[in-house]
Amino acid sequence: MSYSNLSEMNFDVSEEQKTFLEKVDRACESIRDYETKCYLEEKANDRIVPEFGKIGMLGCPISKKYGGMGYDILTYAFALERIGREGNSMRTFFSAHVSIGQMVLQNWADEDQKRQYLPITTGGKSIMAFALTEPGAGSDPASMTTKFEETGDSFVLKGKKHWVGNGTIAKVLTTYAKGPDGKISAFIVDTDSKGFRAEEMKDKIGLLSIKNAEISFENCIIPKKNLLGTKGKGLSIAYSALIDGRLSVAAGAVGVMNDCLEESIKYSQKREQHGSALAKKQLIQEHLSSMIVNIESSRWLIYRTAMARQNLQDYVEGLKEKDVHWQERLNRKDKEYLLLRNRADRLAAIAKLHASNAAFDCANRAVQIFGSFAYQKTNRVARHFLDSRAIIIYEGANEVLKLKIASLELGDKYQAY
Ligand SMILES: Cc1cc2nc3c(=O)[nH]c(=O)nc-3n(C[C@H](O)[C@H](O)[C@H](O)COP(=O)(O)OP(=O)(O)OC[C@H]3O[C@@H](n4cnc5c(N)ncnc54)[C@H](O)[C@@H]3O)c2cc1C
(Lines give C-alpha, C1' and ligand atoms only; values in the text may rest on other atoms or scores of the structure.)
Protein backbone atom coordinates (compact mmCIF):
# COMPACT_ATOMS: atom_id res chain seq x y z
CA MET A 1 0.00 0.00 0.00
CA SER A 2 1.44 3.38 -0.96
CA TYR A 3 1.17 6.45 1.24
CA SER A 4 2.24 8.90 -1.45
CA ASN A 5 -1.38 9.87 -2.04
CA LEU A 6 -1.48 11.29 1.51
CA SER A 7 1.34 13.72 0.74
CA GLU A 8 -0.58 14.92 -2.28
CA MET A 9 -3.42 15.90 0.05
CA ASN A 10 -1.09 18.36 1.77
CA PHE A 11 -1.04 16.44 5.00
CA ASP A 12 2.66 16.96 5.11
CA VAL A 13 3.94 13.43 5.49
CA SER A 14 7.72 13.71 5.48
CA GLU A 15 9.97 11.10 3.89
CA GLU A 16 10.82 9.82 7.38
CA GLN A 17 7.15 9.44 8.28
CA LYS A 18 6.42 7.77 4.98
CA THR A 19 9.19 5.27 5.63
CA PHE A 20 7.74 4.59 9.07
CA LEU A 21 4.23 4.07 7.68
CA GLU A 22 5.59 1.69 5.09
CA LYS A 23 7.20 -0.30 7.92
CA VAL A 24 3.82 -0.42 9.66
CA ASP A 25 2.32 -1.69 6.42
CA ARG A 26 4.94 -4.46 6.16
CA ALA A 27 4.53 -5.44 9.82
CA CYS A 28 0.77 -5.76 9.25
CA GLU A 29 1.31 -7.90 6.16
CA SER A 30 3.82 -10.10 7.96
CA ILE A 31 1.41 -11.08 10.73
CA ARG A 32 -1.83 -11.09 8.79
CA ASP A 33 -2.11 -14.89 8.63
CA TYR A 34 -1.08 -15.29 12.24
CA GLU A 35 -3.68 -12.72 13.33
CA THR A 36 -6.36 -14.73 11.52
CA LYS A 37 -5.18 -17.92 13.22
CA CYS A 38 -5.19 -16.27 16.65
CA TYR A 39 -8.64 -14.80 16.06
CA LEU A 40 -10.12 -18.12 15.01
CA GLU A 41 -8.48 -19.90 17.96
CA GLU A 42 -9.51 -17.03 20.26
CA LYS A 43 -6.02 -16.52 21.57
CA ALA A 44 -4.14 -13.27 22.13
CA ASN A 45 -1.84 -12.41 19.24
CA ASP A 46 1.59 -12.69 20.88
CA ARG A 47 3.44 -11.55 17.76
CA ILE A 48 2.12 -7.98 17.88
CA VAL A 49 4.65 -6.89 20.51
CA PRO A 50 7.80 -8.27 18.83
CA GLU A 51 6.80 -7.33 15.27
CA PHE A 52 5.62 -3.80 16.03
CA GLY A 53 8.23 -3.28 18.76
CA LYS A 54 10.96 -3.67 16.13
CA ILE A 55 9.64 -0.70 14.14
CA GLY A 56 8.82 1.60 17.08
CA MET A 57 5.04 1.36 16.79
CA LEU A 58 4.73 0.52 20.50
CA GLY A 59 5.65 4.12 21.31
CA CYS A 60 4.81 5.89 18.03
CA PRO A 61 3.55 9.24 19.46
CA ILE A 62 5.67 9.10 22.64
CA SER A 63 8.60 11.48 23.01
CA LYS A 64 12.04 10.21 21.99
CA LYS A 65 13.18 11.22 25.48
CA TYR A 66 11.23 8.22 26.82
CA GLY A 67 12.11 5.76 24.08
CA GLY A 68 9.25 6.55 21.72
CA MET A 69 9.38 7.64 18.07
CA GLY A 70 8.15 11.16 18.82
CA TYR A 71 5.75 11.22 15.88
CA ASP A 72 2.92 13.69 15.67
CA ILE A 73 -0.68 12.63 16.26
CA LEU A 74 -1.59 12.67 12.57
CA THR A 75 1.19 10.19 11.76
CA TYR A 76 -0.03 8.00 14.61
CA ALA A 77 -3.58 8.20 13.19
CA PHE A 78 -2.29 7.12 9.74
CA ALA A 79 -0.57 4.15 11.38
CA LEU A 80 -3.75 3.18 13.23
CA GLU A 81 -5.71 3.48 10.02
CA ARG A 82 -3.37 0.94 8.44
CA ILE A 83 -3.52 -1.37 11.45
CA GLY A 84 -7.32 -1.10 11.38
CA ARG A 85 -7.32 -2.96 8.06
CA GLU A 86 -6.18 -6.00 10.02
CA GLY A 87 -9.23 -5.59 12.21
CA ASN A 88 -10.46 -3.77 15.27
CA SER A 89 -9.09 -6.56 17.40
CA MET A 90 -5.45 -5.79 16.54
CA ARG A 91 -6.05 -2.04 16.54
CA THR A 92 -7.61 -2.25 20.02
CA PHE A 93 -4.29 -3.56 21.36
CA PHE A 94 -2.63 -0.27 20.30
CA SER A 95 -5.47 1.89 21.60
CA ALA A 96 -5.18 0.29 25.04
CA HIS A 97 -1.37 0.26 25.12
CA VAL A 98 -0.66 3.62 23.48
CA SER A 99 -3.71 5.92 23.15
CA ILE A 100 -5.33 5.38 26.55
CA GLY A 101 -2.18 3.82 28.04
CA GLN A 102 1.12 5.58 27.43
CA MET A 103 -0.41 8.85 26.23
CA VAL A 104 -2.15 9.31 29.57
CA LEU A 105 1.28 9.16 31.24
CA GLN A 106 2.89 11.37 28.64
CA ASN A 107 0.19 13.98 29.23
CA TRP A 108 -0.26 13.86 33.00
CA ALA A 109 2.59 12.03 34.76
CA ASP A 110 5.40 13.85 36.53
CA GLU A 111 8.98 13.51 35.32
CA ASP A 112 9.88 10.65 37.72
CA GLN A 113 6.78 8.68 36.75
CA LYS A 114 7.49 9.18 33.04
CA ARG A 115 11.09 8.01 33.48
CA GLN A 116 9.96 4.99 35.48
CA TYR A 117 7.14 3.80 33.23
CA LEU A 118 7.39 5.09 29.69
CA PRO A 119 10.69 3.55 28.50
CA ILE A 120 9.63 0.05 29.57
CA THR A 121 6.35 0.43 27.71
CA THR A 122 7.77 1.96 24.52
CA GLY A 123 10.24 -0.92 24.42
CA GLY A 124 7.43 -3.44 24.83
CA LYS A 125 8.74 -4.97 28.06
CA SER A 126 5.62 -3.77 29.76
CA ILE A 127 2.14 -3.52 28.24
CA MET A 128 -0.35 -0.88 29.35
CA ALA A 129 -4.10 -0.71 29.95
CA PHE A 130 -6.79 1.74 31.07
CA ALA A 131 -9.23 0.68 33.77
CA LEU A 132 -12.16 3.07 34.16
CA THR A 133 -15.40 1.15 33.54
CA GLU A 134 -17.12 -0.73 36.35
CA PRO A 135 -20.03 -3.16 36.29
CA GLY A 136 -22.25 -0.41 37.77
CA ALA A 137 -20.60 2.59 36.09
CA GLY A 138 -20.22 2.55 32.29
CA SER A 139 -21.45 5.67 30.49
CA ASP A 140 -21.50 7.48 33.82
CA PRO A 141 -18.02 6.98 35.31
CA ALA A 142 -18.73 9.68 37.92
CA SER A 143 -20.93 7.09 39.64
CA MET A 144 -18.02 4.68 40.16
CA THR A 145 -17.80 2.86 43.48
CA THR A 146 -14.09 1.94 43.48
CA LYS A 147 -12.66 3.70 46.52
CA PHE A 148 -9.26 4.74 47.78
CA GLU A 149 -8.00 5.51 51.25
CA GLU A 150 -4.65 6.92 52.35
CA THR A 151 -2.50 5.16 54.92
CA GLY A 152 1.01 6.45 55.67
CA ASP A 153 2.88 6.47 52.39
CA SER A 154 0.38 4.33 50.47
CA PHE A 155 -3.02 4.41 48.82
CA VAL A 156 -5.33 1.44 49.32
CA LEU A 157 -7.73 0.70 46.45
CA LYS A 158 -10.94 -1.30 46.81
CA GLY A 159 -13.34 -2.12 43.95
CA LYS A 160 -13.87 -3.73 40.55
CA LYS A 161 -13.32 -2.63 36.95
CA HIS A 162 -14.33 -4.60 33.88
CA TRP A 163 -13.77 -4.92 30.14
CA VAL A 164 -10.19 -3.67 30.53
CA GLY A 165 -8.45 -4.18 27.14
CA ASN A 166 -4.98 -5.79 27.51
CA GLY A 167 -5.99 -6.31 31.16
CA THR A 168 -4.71 -9.89 31.34
CA ILE A 169 -1.23 -9.02 30.05
CA ALA A 170 -0.69 -5.45 31.25
CA LYS A 171 2.07 -4.84 33.75
CA VAL A 172 1.05 -1.21 34.26
CA LEU A 173 -2.31 0.49 34.06
CA THR A 174 -4.03 3.70 35.02
CA THR A 175 -7.14 3.48 37.13
CA TYR A 176 -9.62 5.81 38.80
CA ALA A 177 -11.09 5.74 42.30
CA LYS A 178 -13.14 7.89 44.68
CA GLY A 179 -11.61 9.33 47.83
CA PRO A 180 -13.43 9.82 51.16
CA ASP A 181 -14.48 13.31 49.93
CA GLY A 182 -16.23 11.72 46.90
CA LYS A 183 -13.72 13.19 44.44
CA ILE A 184 -12.12 10.93 41.84
CA SER A 185 -8.34 10.61 41.53
CA ALA A 186 -6.17 8.82 38.97
CA PHE A 187 -3.48 6.27 39.82
CA ILE A 188 -0.71 4.34 38.13
CA VAL A 189 -0.89 0.69 39.19
CA ASP A 190 1.78 -1.99 38.83
CA THR A 191 -0.20 -5.15 38.25
CA ASP A 192 2.09 -7.15 40.54
CA SER A 193 0.92 -4.97 43.46
CA LYS A 194 -0.47 -6.77 46.48
CA GLY A 195 -4.26 -7.09 46.21
CA PHE A 196 -4.43 -6.80 42.40
CA ARG A 197 -6.24 -9.51 40.43
CA ALA A 198 -7.12 -9.76 36.70
CA GLU A 199 -9.38 -12.39 35.21
CA GLU A 200 -10.08 -12.92 31.51
CA MET A 201 -13.61 -12.10 30.33
CA LYS A 202 -14.87 -15.01 28.25
CA ASP A 203 -17.50 -15.63 25.56
CA LYS A 204 -17.04 -12.37 23.68
CA ILE A 205 -18.83 -12.05 20.35
CA GLY A 206 -15.88 -10.35 18.61
CA LEU A 207 -12.40 -8.82 19.11
CA LEU A 208 -11.20 -12.38 19.63
CA SER A 209 -7.44 -11.89 19.38
CA ILE A 210 -7.31 -9.34 22.19
CA LYS A 211 -8.14 -10.11 25.81
CA ASN A 212 -10.30 -8.08 28.16
CA ALA A 213 -10.17 -8.47 31.90
CA GLU A 214 -12.25 -8.01 34.96
CA ILE A 215 -10.00 -6.41 37.53
CA SER A 216 -10.35 -6.55 41.29
CA PHE A 217 -8.61 -4.23 43.71
CA GLU A 218 -8.77 -6.15 46.98
CA ASN A 219 -7.22 -3.63 49.37
CA CYS A 220 -4.63 -3.14 46.65
CA ILE A 221 -1.67 -1.20 47.98
CA ILE A 222 0.09 1.31 45.77
CA PRO A 223 2.73 3.87 46.73
CA LYS A 224 1.74 7.51 47.17
CA LYS A 225 4.12 8.50 44.39
CA ASN A 226 1.79 6.71 41.96
CA LEU A 227 -0.92 9.33 42.20
CA LEU A 228 -1.37 10.59 38.64
CA GLY A 229 -1.87 14.33 38.24
CA THR A 230 -3.60 16.40 40.91
CA LYS A 231 -5.61 14.66 43.62
CA GLY A 232 -9.35 14.94 42.88
CA LYS A 233 -8.84 15.61 39.15
CA GLY A 234 -9.00 11.98 38.01
CA LEU A 235 -12.17 12.29 35.99
CA SER A 236 -10.73 15.12 33.94
CA ILE A 237 -7.67 12.93 33.23
CA ALA A 238 -9.92 10.02 32.21
CA TYR A 239 -11.97 12.24 29.91
CA SER A 240 -8.84 13.64 28.31
CA ALA A 241 -7.64 10.05 27.70
CA LEU A 242 -10.93 9.33 25.96
CA ILE A 243 -10.19 12.04 23.37
CA ASP A 244 -7.19 9.94 22.29
CA GLY A 245 -9.20 6.72 22.61
CA ARG A 246 -11.93 8.05 20.34
CA LEU A 247 -9.47 9.28 17.76
CA SER A 248 -7.83 5.85 17.67
CA VAL A 249 -11.18 4.07 17.24
CA ALA A 250 -12.12 6.41 14.42
CA ALA A 251 -8.78 6.06 12.63
CA GLY A 252 -8.91 2.26 12.91
CA ALA A 253 -12.49 2.31 11.59
CA VAL A 254 -11.25 3.85 8.32
CA GLY A 255 -8.88 0.91 7.95
CA VAL A 256 -11.75 -1.49 8.53
CA MET A 257 -13.82 0.25 5.86
CA ASN A 258 -10.94 0.21 3.39
CA ASP A 259 -10.49 -3.51 3.89
CA CYS A 260 -14.23 -4.17 3.51
CA LEU A 261 -14.27 -2.12 0.30
CA GLU A 262 -11.23 -3.83 -1.16
CA GLU A 263 -12.53 -7.31 -0.33
CA SER A 264 -15.99 -6.44 -1.70
CA ILE A 265 -14.61 -5.07 -4.96
CA LYS A 266 -12.44 -8.14 -5.56
CA TYR A 267 -15.25 -10.53 -4.72
CA SER A 268 -18.00 -8.75 -6.66
CA GLN A 269 -15.84 -8.60 -9.80
CA LYS A 270 -15.22 -12.33 -9.61
CA ARG A 271 -18.56 -13.70 -8.48
CA GLU A 272 -21.15 -14.14 -11.23
CA GLN A 273 -24.89 -14.57 -10.76
CA HIS A 274 -27.68 -14.10 -13.33
CA GLY A 275 -25.13 -14.13 -16.12
CA SER A 276 -22.77 -11.35 -15.05
CA ALA A 277 -20.44 -10.22 -12.29
CA LEU A 278 -22.05 -8.91 -9.11
CA ALA A 279 -20.01 -5.72 -9.64
CA LYS A 280 -22.18 -4.94 -12.68
CA LYS A 281 -25.40 -4.95 -10.68
CA GLN A 282 -26.68 -1.52 -9.76
CA LEU A 283 -27.73 -2.51 -6.24
CA ILE A 284 -24.25 -3.91 -5.55
CA GLN A 285 -22.74 -0.68 -6.82
CA GLU A 286 -24.98 1.19 -4.39
CA HIS A 287 -23.32 -0.78 -1.54
CA LEU A 288 -19.87 0.04 -2.89
CA SER A 289 -20.56 3.73 -3.35
CA SER A 290 -21.96 3.99 0.19
CA MET A 291 -18.73 2.45 1.48
CA ILE A 292 -16.63 4.94 -0.47
CA VAL A 293 -18.65 7.90 0.81
CA ASN A 294 -18.28 6.56 4.37
CA ILE A 295 -14.51 6.23 3.98
CA GLU A 296 -13.95 9.67 2.55
CA SER A 297 -16.22 11.47 5.02
CA SER A 298 -14.68 9.67 8.02
CA ARG A 299 -11.14 10.26 6.85
CA TRP A 300 -11.40 14.04 6.76
CA LEU A 301 -13.02 14.16 10.18
CA ILE A 302 -10.18 12.09 11.61
CA TYR A 303 -7.38 14.12 10.07
CA ARG A 304 -9.02 17.30 11.33
CA THR A 305 -9.39 15.82 14.80
CA ALA A 306 -5.74 14.74 14.80
CA MET A 307 -4.67 18.28 14.01
CA ALA A 308 -6.88 19.75 16.73
CA ARG A 309 -5.47 17.22 19.19
CA GLN A 310 -1.93 18.15 18.11
CA ASN A 311 -2.65 21.84 18.75
CA LEU A 312 -3.81 20.93 22.26
CA GLN A 313 -0.67 18.88 22.86
CA ASP A 314 1.64 21.61 21.56
CA TYR A 315 0.02 24.14 23.87
CA VAL A 316 0.31 21.93 26.97
CA GLU A 317 3.89 20.88 26.17
CA GLY A 318 4.77 24.58 25.78
CA LEU A 319 3.27 25.29 29.22
CA LYS A 320 5.20 22.40 30.77
CA GLU A 321 8.47 23.92 29.54
CA LYS A 322 7.61 27.39 30.85
CA ASP A 323 5.81 26.73 34.11
CA VAL A 324 6.51 23.99 36.68
CA HIS A 325 3.01 24.62 38.09
CA TRP A 326 1.35 23.86 34.74
CA GLN A 327 -1.17 21.41 36.22
CA GLU A 328 -2.41 23.99 38.74
CA ARG A 329 -2.73 26.50 35.91
CA LEU A 330 -4.86 24.08 33.87
CA ASN A 331 -6.93 23.24 36.95
CA ARG A 332 -7.61 26.96 37.37
CA LYS A 333 -9.22 26.81 33.93
CA ASP A 334 -6.65 28.32 31.61
CA LYS A 335 -8.81 29.85 28.83
CA GLU A 336 -6.60 28.88 25.88
CA TYR A 337 -6.35 25.30 27.20
CA LEU A 338 -10.12 25.01 27.59
CA LEU A 339 -10.68 26.27 24.08
CA LEU A 340 -8.21 23.82 22.54
CA ARG A 341 -9.38 20.91 24.69
CA ASN A 342 -13.08 21.51 23.91
CA ARG A 343 -12.28 21.65 20.22
CA ALA A 344 -10.34 18.38 20.26
CA ASP A 345 -12.99 16.77 22.50
CA ARG A 346 -15.84 17.82 20.21
CA LEU A 347 -14.11 16.72 17.01
CA ALA A 348 -13.01 13.39 18.53
CA ALA A 349 -16.61 12.66 19.60
CA ILE A 350 -17.91 13.53 16.12
CA ALA A 351 -15.20 11.48 14.38
CA LYS A 352 -15.75 8.43 16.59
CA LEU A 353 -19.55 8.61 16.30
CA HIS A 354 -19.44 8.94 12.53
CA ALA A 355 -16.61 6.52 11.74
CA SER A 356 -17.81 3.73 14.05
CA ASN A 357 -21.33 3.80 12.59
CA ALA A 358 -19.80 4.02 9.12
CA ALA A 359 -17.52 1.02 9.73
CA PHE A 360 -20.37 -1.11 11.01
CA ASP A 361 -22.44 -0.11 8.00
CA CYS A 362 -19.56 -0.91 5.60
CA ALA A 363 -18.95 -4.29 7.23
CA ASN A 364 -22.67 -5.06 7.08
CA ARG A 365 -22.80 -4.17 3.37
CA ALA A 366 -19.65 -6.22 2.70
CA VAL A 367 -21.23 -9.25 4.39
CA GLN A 368 -24.30 -8.78 2.20
CA ILE A 369 -22.17 -8.71 -0.97
CA PHE A 370 -20.43 -11.94 0.05
CA GLY A 371 -23.77 -13.54 0.94
CA SER A 372 -23.47 -16.91 2.63
CA PHE A 373 -19.69 -16.93 2.15
CA ALA A 374 -19.43 -14.24 4.85
CA TYR A 375 -21.46 -16.18 7.36
CA GLN A 376 -18.36 -17.79 8.81
CA LYS A 377 -15.63 -16.21 10.91
CA THR A 378 -13.01 -17.53 8.49
CA ASN A 379 -14.10 -14.71 6.15
CA ARG A 380 -12.37 -11.33 6.71
CA VAL A 381 -15.45 -9.17 6.29
CA ALA A 382 -17.39 -11.40 8.67
CA ARG A 383 -14.76 -10.66 11.32
CA HIS A 384 -14.97 -6.93 10.58
CA PHE A 385 -18.73 -7.16 11.04
CA LEU A 386 -18.43 -8.85 14.43
CA ASP A 387 -15.67 -6.54 15.66
CA SER A 388 -17.25 -3.31 14.46
CA ARG A 389 -20.18 -3.87 16.78
CA ALA A 390 -17.93 -3.17 19.75
CA ILE A 391 -16.73 0.21 18.52
CA ILE A 392 -20.27 1.58 18.65
CA ILE A 393 -20.29 0.76 22.37
CA TYR A 394 -16.82 1.47 23.75
CA GLU A 395 -14.84 4.71 24.18
CA GLY A 396 -18.19 6.40 24.78
CA ALA A 397 -21.34 4.65 23.55
CA ASN A 398 -22.66 6.44 20.48
CA GLU A 399 -25.88 7.65 22.15
CA VAL A 400 -23.82 9.35 24.84
CA LEU A 401 -21.55 10.92 22.22
CA LYS A 402 -24.61 12.37 20.46
CA LEU A 403 -25.69 13.96 23.74
CA LYS A 404 -22.18 15.27 24.32
CA ILE A 405 -21.98 16.83 20.84
CA ALA A 406 -25.37 18.50 21.28
CA SER A 407 -24.64 19.78 24.78
CA LEU A 408 -21.30 21.24 23.71
CA GLU A 409 -23.33 23.31 21.26
CA LEU A 410 -26.26 24.08 23.57
CA GLY A 411 -24.26 24.72 26.73
CA ASP A 412 -24.16 22.93 30.10
CA LYS A 413 -27.66 24.13 31.00
CA TYR A 414 -29.06 21.72 28.41
CA GLN A 415 -26.86 18.73 29.24
CA ALA A 416 -29.11 15.67 28.79
CA TYR A 417 -27.07 13.28 30.93
C1 LIG B 1 -14.97 -4.82 23.84
C2 LIG B 1 -14.96 -3.77 24.88
C3 LIG B 1 -13.74 -3.22 25.29
C4 LIG B 1 -13.71 -2.26 26.31
N5 LIG B 1 -12.50 -1.79 26.76
C6 LIG B 1 -12.47 -0.98 27.87
C7 LIG B 1 -11.21 -0.60 28.46
O8 LIG B 1 -10.12 -0.93 27.96
N9 LIG B 1 -11.23 0.15 29.59
C10 LIG B 1 -12.40 0.56 30.16
O11 LIG B 1 -12.35 1.25 31.19
N12 LIG B 1 -13.61 0.23 29.61
C13 LIG B 1 -13.67 -0.54 28.50
N14 LIG B 1 -14.89 -0.92 27.94
C15 LIG B 1 -16.11 -0.45 28.54
C16 LIG B 1 -16.85 0.59 27.69
O17 LIG B 1 -16.18 1.82 27.74
C18 LIG B 1 -18.31 0.67 28.20
O19 LIG B 1 -18.92 -0.54 27.81
C20 LIG B 1 -19.07 1.86 27.65
O21 LIG B 1 -18.61 3.05 28.22
C22 LIG B 1 -20.58 1.74 27.91
O23 LIG B 1 -20.84 1.40 29.24
P24 LIG B 1 -21.81 0.16 29.57
O25 LIG B 1 -21.40 -1.00 28.75
O26 LIG B 1 -21.84 -0.01 31.04
O27 LIG B 1 -23.25 0.60 29.03
P28 LIG B 1 -24.28 1.59 29.75
O29 LIG B 1 -23.61 2.82 30.21
O30 LIG B 1 -25.11 0.84 30.72
O31 LIG B 1 -25.19 1.98 28.50
C32 LIG B 1 -26.09 1.05 27.89
C33 LIG B 1 -26.81 1.76 26.75
O34 LIG B 1 -27.52 2.87 27.25
C35 LIG B 1 -27.11 4.05 26.55
N36 LIG B 1 -27.12 5.19 27.48
C37 LIG B 1 -26.39 5.35 28.62
N38 LIG B 1 -26.66 6.54 29.16
C39 LIG B 1 -27.55 7.15 28.35
C40 LIG B 1 -28.22 8.41 28.37
N41 LIG B 1 -28.00 9.31 29.32
N42 LIG B 1 -29.10 8.68 27.37
C43 LIG B 1 -29.33 7.81 26.37
N44 LIG B 1 -28.72 6.60 26.30
C45 LIG B 1 -27.86 6.29 27.29
C46 LIG B 1 -25.72 3.76 26.03
O47 LIG B 1 -25.42 4.55 24.92
C48 LIG B 1 -25.83 2.29 25.70
O49 LIG B 1 -26.39 2.15 24.42
C50 LIG B 1 -14.93 -1.83 26.89
C51 LIG B 1 -16.15 -2.36 26.44
C52 LIG B 1 -16.18 -3.31 25.45
C53 LIG B 1 -17.50 -3.87 25.00
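I took two strands to pair if DSSP finds at least two bridges between them. Strands (E, at least two residues) and helices (H or I, at least four) are DSSP runs, numbered from the N terminus.

**Entry 1. Basis.** I worked from a predicted model, in which local features need pLDDT of at least 70, side-chain atom pairs count only at pLDDT 80 or more, and totals for chains, interfaces and linings use all residues. Residues are numbered from 1 along each chain as its sequence is written, and side-chain values use heavy atoms, with hydrogens and water left out.

**Entry 2. Strand β5.** I looked up the partners of β5 first. Strand β8 (residues 227–228) runs antiparallel to β5 and is joined to it by two bridges; Leu227 in β8 is the bridge partner of Phe187. With strand β4 (residues 172–178), β5 pairs in the antiparallel sense over seven bridges, and Val189 in β5 stands opposite Leu173. The hairpin of β4 and β5 has five residues between the strands, and Gly182 there takes a positive phi near 85 degrees. I then checked burial, where buried means under 20% relative accessible area, exposed over 50% and partly exposed in between (1.4 Å probe, protein chains only). Six of the seven residues of β5 (residues 184–190) are buried, so the strand is largely enclosed by the rest of the structure.

**Entry 3. Helix α10.** Asp334 caps the N-terminal end of α10, with a side-chain oxygen 3.2 Å from the backbone nitrogen of Glu336. Just after the helix, Gly371 takes a positive phi of about 60 degrees.

**Entry 4. Ligand.** I counted a residue as near if one of its heavy atoms lies within 4 Å. Of the 19 residues around the ligand, Phe130, Thr133, Ser139, Trp163 and Glu399 come nearest. A backbone N or O atom of Phe130 lies 2.8 Å from a ligand nitrogen atom. Backbone N or O atoms of Leu132 and of Gly165 each lie 2.9 Å from an oxygen atom of the ligand. The protein covers 66% of the 970 Å² of accessible area that the ligand has on its own (Shrake-Rupley method, 1.4 Å probe).

Note on methods:
A polar contact is a pair of N or O atoms within 3.5 Å; within protein, one must be able to donate a hydrogen and the other to accept it, and residues adjacent in sequence count only if both atoms are side-chain atoms.
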